[in-house]
Amino acid sequence: MFQTLLVAHDFSPSSNRALAHAVDLAARTGATLHLMYVDRTAEGVLFEGGKAPPDDELQDRFEERCHASLAPHDRSPAEDRVVCHAVRGVSPAPLLVEKAEGIDADLIVTGTEGRRGARRLIVGSVAEEVLRTAPCPVLTVRQREAGGASGSTDEAPGDDASGSADEAPRSAVEQIVAPVDFSDLTEVALRHVAQLAPLYDVPVTLVHVVEDPTMPSVYEVNASAVRARAAEQRAEEALQSLGAPIEETGVSVSYLVHRGQTTSTVVEATGHRDTLTVMGTKGLSGLRRVMLGSVTEAVIRASDGPVLAVPASAQGASPADE
């Protein structure tokens with residue numbers, strides 16, 4: 001499933017958490033780790049004095065820092081299955097996507113600051129840009145709010161404020177939660193769930209949200225409630241049908257059907273630190289994404305655990321609504 005992992009590594013707290021999950025997944029699958037640093041010169045953390053080093057020195061310094069980042073995980077850039085890439089560029093996201101295509105990556109792993117509101121709209125998010133354009137699934141890990149200042153790019157390796165250079169950031173996964181909307185994206189995402197659950201040896205929960213429309217009081221509210229309950233029952237039956245192949249692998253699967261607004265309900269169900277959320281994404285971009293929003297991006301910005309976003313292009317899915 002995942003044999004080549006590309007990890008965006010800038011030494012920030014979220015990047016260190018993302019690296020921990022990537023190393024753990026590589027250990028479970030035997031995958032090759034590619035660590036990539038994009039030096040934006042003015043913001044570079046691998047040199048001092050305001051003067052950027054030559055390309056070969058940039059590469060050497062990145063590998064040296066990677067030694068320190070990987071040491072708590074008992075890994076080293078000297079290993080055959082660890083490769084370091086230091087490049088220069090103004091915009092990291094296109095370079096990460098280009099590298100993923102060049103090495104035929106099966107997964108991109110990146111940290112994210114989880115910005116919200118106006119600041120996110122103005123500054124943007126490298127992780128979200130990668131998510132919209134990546135040729136493969138993307139695993140994002142958000143910086144915990146209890147950590148250092150948001151946006152810091154020169155933190156010593158460690159897990160948030162409590163970590164240290166000698167301690168590996170936490171990468172535990174205790175359950176997998178998969179929001180289900182019964183689209184083609186669901187099928188693609190559940191293929192990954194079926195493969196990941198045995199790897200981590202954890203239970204799976206499939207979640208579906210029945211939209212709860214707001215109705216004027218003059219409508220027949222009781223009748224709408226009956227229809228909603230019937231919809232919930234049909235949804236649970238459909239979930240059980242989707243979960244049956246996963247259960248056949250020996251994985252424990254539970255089913256949750258909620259009534260409410262999709263985005264807020266999914267965020268509440270998936271946002272726990274040791275929960276791996278697996279979701280399909282259409283990779284919407286431009287005006288349509290701004291107008292319609294994205295449940296996946298909302299989960300990524302709010303979740304305290306890792307989120308695996310599987311694009312519609314993965315394994316031949318057809319994004320019919322794009």
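Here are a few friendly notes on this predicted model, meant for someone opening it for the first time.

1. Let's start with the overall make-up. The protein has 10 helices and 10 strands. Of its 322 residues, 49% are buried. Among contacts with a separation of 6 or more, 79% are between residues 24 or more positions apart.

2. Helix 1 covers residues 13–29 and helix 6 covers residues 184–200. Their axes come within 10 Å and cross at roughly 90°. The two helices are therefore roughly perpendicular to each other, since angles of 65 to 115 degrees fall in that class.

3. Which residues of helix 1 and helix 6 meet? From helix 1 come Asp24, Leu25, Arg28 and Thr29, and across from them in helix 6 are Leu196, Leu199 and Tyr200. By type, the residues of this contact are 4 nonpolar, 1 polar and 2 charged.

4. Now turn to helix 3 (residues 92–102) and helix 5 (residues 126–133). The axes of helix 3 and helix 5 come within 9 Å, with a crossing angle of roughly 40°. That angle makes helix 3 oblique to helix 5. The crossing of helix 3 past helix 5 is right-handed.

5. Helix 3 contributes Pro92, Ala93, Pro94, Leu96 and Val97, while helix 5 contributes Val126, Glu129, Val130 and Thr133. Sorted by type, the residues of the contact of helix 3 with helix 5 are 7 nonpolar, 1 polar and 1 charged.

6. You will find arginine 75 in the loop between helix 2 (55–70) and strand 3 (82–88). Is arginine 75 buried or exposed? Its relative accessible area is 16%, so arginine 75 counts as buried, the limit being under 20%.

7. What does the side chain of arginine 75 join in a polar contact? The partner is the side chain of glutamate 79, at 2.9 Å. Setting aside neighbours within four places in sequence, arginine 75 is also in contact with Val23, Ala26, Leu33, Leu70, Arg81 and Val82. Selecting arginine 75 together with these residues gives a handy view of its surroundings.

Key. Residues are numbered from 1 along each chain as its sequence is written. This is a predicted model: local features need pLDDT of at least 70, side-chain atom pairs count only at pLDDT 80 or more; totals for chains, interfaces and linings use all residues. Side-chain values use heavy atoms; hydrogens and water are left out. Axes are lines fitted to C-alpha atoms, for helices over the stretch in contact, and angles run from 0 to 180 degrees between N-to-C directions. Helices (H or I, at least four residues) and strands (E, at least two) are DSSP runs, numbered from the N terminus. Angles under 35 degrees count as roughly parallel, over 145 as roughly antiparallel, 65 to 115 as roughly perpendicular and the rest as oblique. A crossing is left-handed if the near helix is turned anticlockwise from the far one by less than a right angle, and right-handed if clockwise. Contact means heavy atoms within 4.5 Å. Ala, Val, Leu, Ile, Met, Phe, Trp, Tyr, Cys and Pro count as nonpolar, Asp, Glu, Lys and Arg as charged, and the others, Gly among them, as polar. Buried means under 20% relative accessible area, exposed over 50%, partly exposed in between (1.4 Å probe, protein chains only). A polar contact is a pair of N or O atoms within 3.5 Å; within protein, one must be able to donate a hydrogen and the other to accept it, and residues adjacent in sequence count only if both atoms are side-chain atoms.
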